[in-house]
Amino acid sequence: MASRTYIIVGNKAATAPFHLNDLAGAAGRMDLLCRSVSAAFFLSHDLRRDVVIYLVLRGGPAPPRTIRISGTDVKYMSPDERNIAGLIRKALSVEDIDPRWVVSTPGIQVSSRDLVDLLQGLSREERANPFHLTEDGGPIDEADLGGYVTFLLGDHNGLTPEQEGLIDDWPRLSLGRTSYHTDHCITVLNHTIDMRAAKGR
Ligand SMILES: C[S@@+](CC[C@H](N)C(=O)[O-])C[C@H]1O[C@@H](n2cnc3c(N)ncnc32)[C@H](O)[C@@H]1O
């Protein structure tokens, strides 16, 4: 399997413990982020250990918060939205969150980093082959996805112009002009990377 990192910016996503019964409403489309986590990690009866996902949460009441989930270490996570939401909720209940990463449950960390700090702190590996996934990018079929890849995606509203400015030197790749849900894009990306890896390119 080829290693990959996904960064998802949730501009409305809650930054304090939220109700598990209102993920799409009061929690600021947390449902979409939870489904993205599920799509990034879960295979049928298996979990991708070589995936890292960052969720940049920028809704109220205490933005920003960034959650990091590492497939290498994560435990107690199952594919359903409610389980993943519970783990994110637990991360947001950590007291005195600051820019340092703090482990909330195994494989899940939380910090007060915003997108700009997160991008500056990416590992050399994560910075080696970064892509902005956007409808108006170049065709993914023509891109070299070899080695370690990092993809940044928006939420239901996409990125703000300021956020786009932070990654304006990242190549832009598209899955076509149709606008898909973020979690669906991740499924397509995982499949695309898997197929390329299977063919050795
Ligand atoms: C529902 S879309 C956002 C739509 C939003 N109105 C916009 O204009 O950005 C959510 C995210 O999924 C990704 N996405 C959706 N469809 C895509 C496509 N066809 N090609 C590449 N990325 C796509 C982008 O990262 C986008 O920010």
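1. A residue is counted as near a molecule if one of its heavy atoms lies within 4 Å of that molecule. Around the ligand there are 18 such residues, and those that come nearest are L133, L175, G176, T178 and Y180.

2. The model is predicted: local features need pLDDT of at least 70, side-chain atom pairs count only at pLDDT 80 or more, and totals for chains, interfaces and linings use all residues. Residues are numbered from 1 along each chain as its sequence is written, and side-chain values use heavy atoms, with hydrogens and water left out.

3. Which atoms of the protein backbone make polar contacts (pairs of N or O atoms within 3.5 Å) with the ligand? A backbone N or O atom of L133 lies 2.6 Å from an oxygen atom of the ligand. A polar backbone atom of G176 is 2.7 Å from a nitrogen atom of the ligand, and a polar backbone atom of T134 is 3.4 Å from a nitrogen atom of the ligand. The ligand taken alone exposes 560 Å², of which the protein buries 79%; accessible areas come from the Shrake-Rupley method with a 1.4 Å probe.

4. The ligand sits in the largest pocket, in the sense that more than half of its atoms lie within 2 Å of the grid points of the pocket. A pocket is an open set of points, on a 1 Å grid over the protein atoms alone, where a 1.4 Å probe fits, with protein on both sides within 12 Å along at least five of seven lines; lining residues have an atom within 4 Å of a point.

5. The elements that give two or more residues to the shell around the ligand are β8 (130–139), β10 (172–174) and α6 (182–198). Helices (H or I, at least four residues) and strands (E, at least two) are DSSP runs numbered from the N terminus. Strand β8 gives the most to this shell, with 3 residues.

6. The largest pocket has a volume of about 390 Å³, taken as the space filled by probe spheres set on the grid points. It is lined by 22 residues, of which E135, G154, D155, S179 and Y180 are the closest to its centre. The largest share of this lining, 4 residues, comes from β8.

7. By class, the lining of the largest pocket has 7 nonpolar, 11 polar and 4 charged residues. Here Ala, Val, Leu, Ile, Met, Phe, Trp, Tyr, Cys and Pro count as nonpolar, Asp, Glu, Lys and Arg as charged, and the others, Gly among them, as polar.

8. Some points on the backbone follow. The peptide bond from G60 to P61 is cis, with omega near 5°, and P61 is found in the loop between β4 (51–57) and β5 (65–70). The peptide bond from P63 to P64 is cis, with omega near -5°.

How values were computed:
A polar contact is a pair of N or O atoms within 3.5 Å; within protein, one must be able to donate a hydrogen and the other to accept it, and residues adjacent in sequence count only if both atoms are side-chain atoms.
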